[in-house]
Amino acid sequence: MGGNHTKIAGGGISETSRNEYRMDANGTITNYGEKGVQQNGRQGVRNGSFETIPVDARCVVEFRPTKDWKGEFGFDWPRKADSQMAVDVNYNGIIGKYGNVYATESNAVFTPRNDLHIRHLKEYEFFNSYKGRYSVPNMSLCVGTTAILDAITEVAEIPDSMRYDYDTETFELVILKRLTKSVGKNFDKSAVSIKCLKAFPTNKNIRVFATKNGKEQRVGQIKLFPNSVLKNANVVFIPVRYNNVQGSIKGNEVDITRFALQQSYVQASLSVGPAIRAEGWWFNKFFTTRDSTGRVLMDDSRWASLHRYLDGKFFETAANASYRNHYRVYMLPDGTLNGVAEGIGNTKVVVVFQGRNDSTSPHELLHAMGVHHTFDNNGLYTYKYRNTDNIMDYTHQLGEQRFSTNRWQWNIIRSAI
Ligand SMILES: [Zn+2]
């Protein structure tokens, strides 16, 4: 940029270039002046004929998590339904708002909104490629973690070569499969593995450059957020014993919880704490009910006071005082709900029931940390119900797994810790 000047003074903007000054746009270029538009050329003002913007490398490389991704690292991109993941719906069309009826109700009405979709796109840096706007995925990767990514190459003109550009002291890249350079759209399954070797305090980018006719051009990119400041969250799972049955850990919920928080660079210390007994006339009076056959069941309709009851019971034991600063997940042996957080944000207590799935505990913990449902109008963004694999969606009801979080949620989670 030597020899170029942009000057903003006295409310005016003045730009000077000692050489050429060129404006390129894939769309329209508009000049608008309230008091007129003037063009001066010492050698005349010409209207040239239209010429295509010379793009040296007419190809683009997108990166996506593989179908085996379980959220071990954070990866957030404006989805286009072009990955091999089980749930991957184009964001364009599922970002909007619900009407007055809550998303989970059968008569809920969702309206996609273009303005909100465009605002959402601003969560991602971008550059111009021959295909137009290239949105750069947001990634979080802890030290020692390896991410394997698929690559999608879209090639209009075969480049002479392509190379990855990255900080070799911070990352170890292993090219598992060379990027396909054939004309058309190519899917390179498990193309690259990225391992983070050491902590980094500022944003890092992994880029792909393509060379055509001796000129290099950026054709792909991933942005990695700094991982040098990890936050710590202590989470204790507390088995609750009732009617001689005790709640317990389910499936992979400990890993899914660890991964969910790791995506936000929150290191979770997870443990199973001492069990408590939920029994006695007071508990039976308020927190149990009977089914049609007379069987005694947990009554989870009074869940707000159930949280306080269980927490009070737990801290009756003096030795449990060491768990005061922990997030506390009370695991009840039955109940008809999956789980309930005491509130959205500003709480450390969640209750889960034995019929839950692997992602219920992290879902409730994220509520406790201030994250709304993805389909809630109160969230920063509202996505159509059951269309994402986000932990805060309800896609598990369709038999799918929930494990991802988006960058804007990482900010909320980190600020809660
Ligand atoms: Zn929820």
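A residue counts as buried when its relative accessible area is under 20%. By that cut-off, helix α5 (residues 360-368) of this predicted model is mostly covered, with nine of its nine residues buried.

The buried residues of α5 are Thr360, Ser361, Pro362, His363, Glu364, Leu365, Leu366, His367 and Ala368. Their cover includes the helices α2 (253-262) and α6, together with the strands β16 (231-242), β22 (327-332), β23 (339-341) and β24 (349-353). After α5 comes glycine 370, which has a positive phi, near 105 degrees.

In helix α1 (residues 114-121), the buried residues are Leu116, His117, His120 and Leu121. These residues lie on the same side of α1, because they cover an arc of only 145 degrees around the axis. Among the elements that cover them are β5 (96-98), β8 (132-135) and α6 (407-416).

**Tyrosine 327**

Strand β22 contains tyrosine 327. With a relative accessible area of 5%, tyrosine 327 is buried, because the cut-off is 20%. Leaving aside residues up to four places away in sequence, tyrosine 327 touches Ala233, Asn234, Val235, Val236, Thr347, Lys348, Leu365, Ala368, Met369, Ala416 and Ile417. Two of the residues it touches, Leu365 and Ala368, are also buried residues of α5. The C-alpha atom of tyrosine 327 is 7.9 Å from that of valine 350, a residue 23 positions away along the chain.

**Domains**

The chain is divided into domain 1 (59-77 + 124-224) and domain 2 (231-370). Their contact takes eleven residues from domain 1 and four residues from domain 2. The C-alpha centres of the two domains are 40 Å apart. About 630 Å² is buried between domain 1 and domain 2, and carbon and sulfur atoms give 58% of this area. On the domain 1 side, Glu72, Ser140 and Cys142 lose the most area to domain 2, together 52% of what that side buries. Between the domains there are four residue pairs in polar contact and zero salt bridges.

**Salt bridges**

Side chains of opposite charge can pair when their charged atoms come close. The structure holds 18 salt bridges, including those tabulated here.

| Salt bridge | N to O distance |
|---|---|
| Glutamate 62 and arginine 64 | 3.5 Å |
| Aspartate 82 and arginine 64 | 2.7 Å |
| Aspartate 255 and arginine 258 | 2.8 Å |

Aspartate 82 lies in the loop between β4 (74-76) and β5, and arginine 64 in strand β3 (residues 59-65), so this pair ties together parts that are 18 residues apart in sequence. Arginine 64 counts as buried at 1% relative accessibility, and aspartate 82 counts as buried at 14%. Glutamate 62 is buried too. A network of salt bridges links Glu62, Arg64, Lys80 and Asp82.

Aspartate 255 and arginine 258 belong to helix α2, where they are three residues apart and therefore separated by about one helical turn. An α-helix has 3.6 residues a turn, so residues three or four places apart point the same way. Aspartate 255 counts as partly exposed at 33% relative accessibility, and arginine 258 is partly exposed with a relative accessible area of 30%.

Conventions
Residues are numbered from 1 along each chain as its sequence is written. This is a predicted model: local features need pLDDT of at least 70, side-chain atom pairs count only at pLDDT 80 or more; totals for chains, interfaces and linings use all residues. Side-chain values use heavy atoms; hydrogens and water are left out. Buried means under 20% relative accessible area, exposed over 50%, partly exposed in between (1.4 Å probe, protein chains only). Helices (H or I, at least four residues) and strands (E, at least two) are DSSP runs, numbered from the N terminus. The arc is that of the directions from the helix axis to the C-beta atoms. Contact means heavy atoms within 4.5 Å. Domain bounds come from an automatic or database domain assignment. Buried area is the accessible area (1.4 Å probe) that two parts lose on being put together, summed over both. A salt bridge is a side-chain nitrogen of Lys or Arg within 4 Å of a carboxyl oxygen of Asp or Glu. A polar contact is a pair of N or O atoms within 3.5 Å; within protein, one must be able to donate a hydrogen and the other to accept it, and residues adjacent in sequence count only if both atoms are side-chain atoms.
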